Amino acid sequence: MVGGLVLPHSQHQVATPRTTAAPSPSTQALEQAPCCTTVSARPARGGLDEVRKAHARHIKLGLDRSPRHARPLLAACALGDWPGSMEYAAAIFATLDEPEAFDYNTLMRGHVVGGRDPAAALRLYVDMLQNGVDPDGYTFPFVLKACAQLAASRQGRQLQGHAMKLGFSQHDEHVQNSLISFYGKCGEAELARRAFEQMEAGERTAASWSALLAAYTRAGLWAECLEAFGAMVRDGWRPDESSMVSALSACAHLGAYDVGRSVHCALLRNTVRLNTFMETSLVDMYAKCGCIEKATAVFDGMDGAKNVWTYSAMVSGLALHGDGRKALQVFHAMVSEGHRPDEAVYVGVLNACSRSGLLDEGLRCFDRMRLEHIVAPNAQHYGCMVDLMARAGRLEEARALIGNMPTGPTDSAWRSLLNACRIHGDIELAERALRELARLGGAANAGDYIILAEMQARAKNWDAAAALRVEAVDRGLAQAQSFSAVEVHGRMHRFVSQDRSHPRTADIYEMLHQMEWQLRFDGYKPDTTDVALDVDDEEKRRAVAAHSQKLAMAFGLLSTPEEAPVRVVTNLRMSKECHAYSALISEIFGREVVVRDRNRFHRFRRGACSCGNYW
């Protein structure tokens with residue numbers, strides 16, 4: 001069962017299993033060997049020299065081969081962080097007469113701390129079994145952590161089977177929590193959930209819930225993460241820092257502002273002072289939920305606690321909101337305070353310039369990245385530059401840049417050019433971009449074909465538009481269902497076009513009728529130019545009347561207080577019709593409307609959008 005546990009190195013980080021319920025190696029061993037109290041299991045200030053002196057005294061007294069007396073030295077080396085400490089620990093371990101599970105555990109722990117050598121921990125486990133030493137309840141958390149660091153799912157399942165055989169997988173919270181964490185780190189969220197559900201309700205701890213939330217977060221199951229977080233709170237558990245970070249990440253991806261704000265309030269009630277990691281998570285959450293003012297307030301209140309990740313979150317948030325000028329100010333402040341920008345920061349800066357139409361500033365930042373900060377541009381940076389130039393109308397220069405990318409052309413670069421061709425109406429170049437996407441190992445998706453089909457439809461080339469849709473179907477390219485969602489009282493309500501599945505459908509369509517009637521009274525006429533159907537104008541108007549974004553907006557107006565913004569999240573790109581419609585709603589109804597489309601935020605106030613009609 002354990003014969004396949006010798007694995008290559010890999011770098012993965014996991015949470016350290018909780019082992020405080022049992023005496024620490026240092027405490028137990030020091031109690032047993034008072035003559036060795038000059039060495040503790042914590043890293044010694046004198047480093048390796050001090051350990052060698054203590055080891056020499058052991059040898060002189062003939063205690064070096066006794067596990068009972070050598071444990072403080074073994075722990076000091078295994079858990080030390082000085083050069084050569086782990087090698088010295090292995091040398092001490094090799095001299096022991098009949099080492100016990102405690103000694104194996106100490107050395108395994110040393111191998112997995114910081115991901116030093118997780119494969120060595122697994123080899124040690126195999127040796128342990130071959131030497132007839134039975135593992136205990138503290139062995140499996142360390143070897144499961146090693147498997148998680150190596151992403152060794154098969155070997156981890158073998159270990160789970162062995163733990164079950166020995167009776168440690170049930171009623172042992174350390175082993176069970178380690179299993180949940182292991183499966184989560186390996187991307188097996190469903191298996192992590194099963195391991196969690198196999199625990200009795202009384203056996204679950206805050207660490208169990210935290211491991212499950214982390215598993216959902218790693219797998220991108222944001223709705224499941226928030227659902228589990230709610231269940232944790234309802235069961236009476238006080239979420240720890242890790243759980244709240246997972247919940248904030250889920251809120252950021254779902255646009256669940258009300259839930260995220262509640263988590264922030266809980267943090268303020270239960271924490272004396274938020275650390276940099278928590279505050280950075282709050283900046284990211286507020287920015288991605290459409291409240292850039294609160295993100296800025298948290299950021300400005302951090303004083304000197306900001307790090308590169310904090311600046312990256314703020315710059316990226318401002319980029320999402322299309323505030324390129326402010327993003328550049330934050331970037332310059334970061335550099336002036338002595339922080340060295342990395343690849344992620346520059347992706348945010350270049351995106352901010354692209355979404356704000358700051359062509360010259362973007363070009364200067366790209367040169368500064370390469371020449372001043374010596375950051376080698378990667379495919380993401382080149383994709384941002386293609387998007388920047390193409391949006392600004394310099395389509396041929398953008399195409400030439402794709403051809404000269406040191407990383408080689410990428411699907412994101414060609415897709416950026418395709419989107420820009422749609423904006424500027426260049427069908428010929430759009431056709432080339434689609435062909436290149438198809439050549440890149442089938443990188444083209446259904447959305448790419450639909451963009452070009454809609455361009456052909458606007459040009460009244462109905463046959464070409466139909467042929468493109470047929471080709472997408474023949475290639476087996478299925479388009480993801482388009483939807484829009486609005487948050488009401490902490491719950492996300494999701495709609496598709498022409499949707500009639502909501503319990504308040506009658507009220508929603510009545511509100512939709514009132515909205516359109518009010519807008520038409522003020523001169524509104526639906527823009528049907530984006531409807532790629534060869535039908536009459538009345539049919540096109542019916543198609544756009546019950547768009548998913550309008551349904552979500554209608555329900556938001558019905559269900560939220562008059563002073564509260566209506567927050568909509570959609571996986572579509574904002575159309576001209578929905579943009580004009582949202583602007584009029586914000587003016588006539590006197591409500592702020594915040595829409596997060598698949599690229600950026602649009603914030604409508606008194607008839608104007610924060611994008612400045614540049615999207």
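Predicted model: local features only at pLDDT ≥ 70, side-chain atom pairs only at ≥ 80, totals over all residues.
Residues are numbered from 1 along each chain as its sequence is written, and side-chain values use heavy atoms, without hydrogens and water. Local features need pLDDT of at least 70, side-chain atom pairs count only at pLDDT 80 or more, and totals for chains, interfaces and linings use all residues.

Student: How are helix 9 and helix 11 oriented to each other?

Tutor: Helices here are DSSP runs (H or I, at least four residues), numbered from the N terminus. Helix 9 (residues 173-185) and helix 11 (residues 206-219) pack with axes 8 Å apart, at an angle of about 10 degrees; axes are lines fitted to C-alpha atoms over the stretch in contact, and angles run from 0 to 180 degrees between N-to-C directions. Angles under 35 degrees count as roughly parallel. Helix 9 and helix 11 are therefore roughly parallel.

Student: Is helix 19 largely enclosed or open, and which of its residues are buried?

Tutor: Buried means under 20% relative accessible area (1.4 Å probe, protein chains only). The buried ones are V345, Y346, V347, G348, V349, L350, A352, C353, S354 and R355.

Student: Which residues touch the most other members of the largest nonpolar core?

Tutor: Such a core joins buried Ala, Val, Leu, Ile, Met, Phe, Trp, Tyr and Cys residues through side-chain atoms within 4.5 Å. Helix 7 (residues 139-150) gives this core its largest share, 8 residues. Among the 148 residues of the core, those touching the most other members are M108 and L417.

Key. Helix = DSSP H or I, 4+ residues; strand = E, 2+ residues; numbered from the N terminus. Parallel < 35°, antiparallel > 145°, perpendicular 65-115°, else oblique. Buried < 20%, exposed > 50% of the residue type's maximum accessible area, 1.4 Å probe, protein only.
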